[in-house]
Amino acid sequence: MADATQILNDAETKMKKAIESTKRDFSAVRTGRASAALVDQVKVEYYNTLTPLNQVANITIPDNRTLEIKPWDPAILQEIEKAIFKSEIGITPNNDGKVIRLSMPPLTEERRKDFVKMVKKHAEEGKVAVRNIRQDANKALDQLKKDIAEDEFKKLHERIQKMTDLYSQEIVKLSEHKEKEIMEF
């Protein structure tokens, strides 16, 4: 029975990681509002090492359409600017020699719809990951079928299905919230 418990625990842990991954994907999608999460994926060349932007600079939001990035070491201002250009956030940085400002242009209706499609794609990828985890867990349980009672076997499969439904529903809620946020402005 310890093996079955381990399979359930592993499946739940992996499903939680799939949720976190989906949240990270959503945070990279612009909403028209300034958010530090927009630059979470940006990595800067710092002493020959790719370093996350938030580890080399202070990121502030002076208003809901502007993001300010002030490096702790002013010598890397150009590197930060290059990293932002290379990233796929689609915003041109404005460098004044001390601070980099990212101004969020208002999103057009067409661009909002594109971002909603991107969110739906990320949500579907998250749900597919959860379903794949379910499939792997069910296969692992099938290996134990001869060692456990039939009714216990069915209950374990039902628990995995309930977990799958729960985490898939969470992805749907996150997706709906993000879509609403995008269409808000």
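Start by selecting H122, which sits in helix α3 (residues 109-143); helices here are DSSP runs of H or I with at least four residues, strands are runs of E with at least two, and both are numbered from the N terminus. You are looking at a predicted model, where local features need pLDDT of at least 70, side-chain atom pairs count only at pLDDT 80 or more, and totals for chains, interfaces and linings use all residues. Residues are numbered from 1 along each chain as its sequence is written, and side-chain values use heavy atoms, with hydrogens and water left out.

Is H122 buried or exposed? Its relative accessible area is 14%, so H122 is buried (buried is under 20% relative accessible area, exposed over 50%, partly exposed in between, with a 1.4 Å probe and protein chains only).

Next, move to the loop between β1 (43-46) and β2 (49-52), where you will find Y47. N48 lies in that loop too. Check the backbone: phi is near 50° for Y47 and near 60° for N48, positive values in residues other than glycine. Y47 counts as exposed at 67% relative accessibility, and N48 does at 73%.

Finally, select helix α4, residues 150-184. Its 35 residues reach 51 Å from first C-alpha to last, close to the 51 Å expected (1.5 Å times one less than the number of residues). Colour its buried residues, among them F153, L156, I160, M163 and Y167. An α-helix has 3.6 residues a turn, so residues three or four places apart point the same way.
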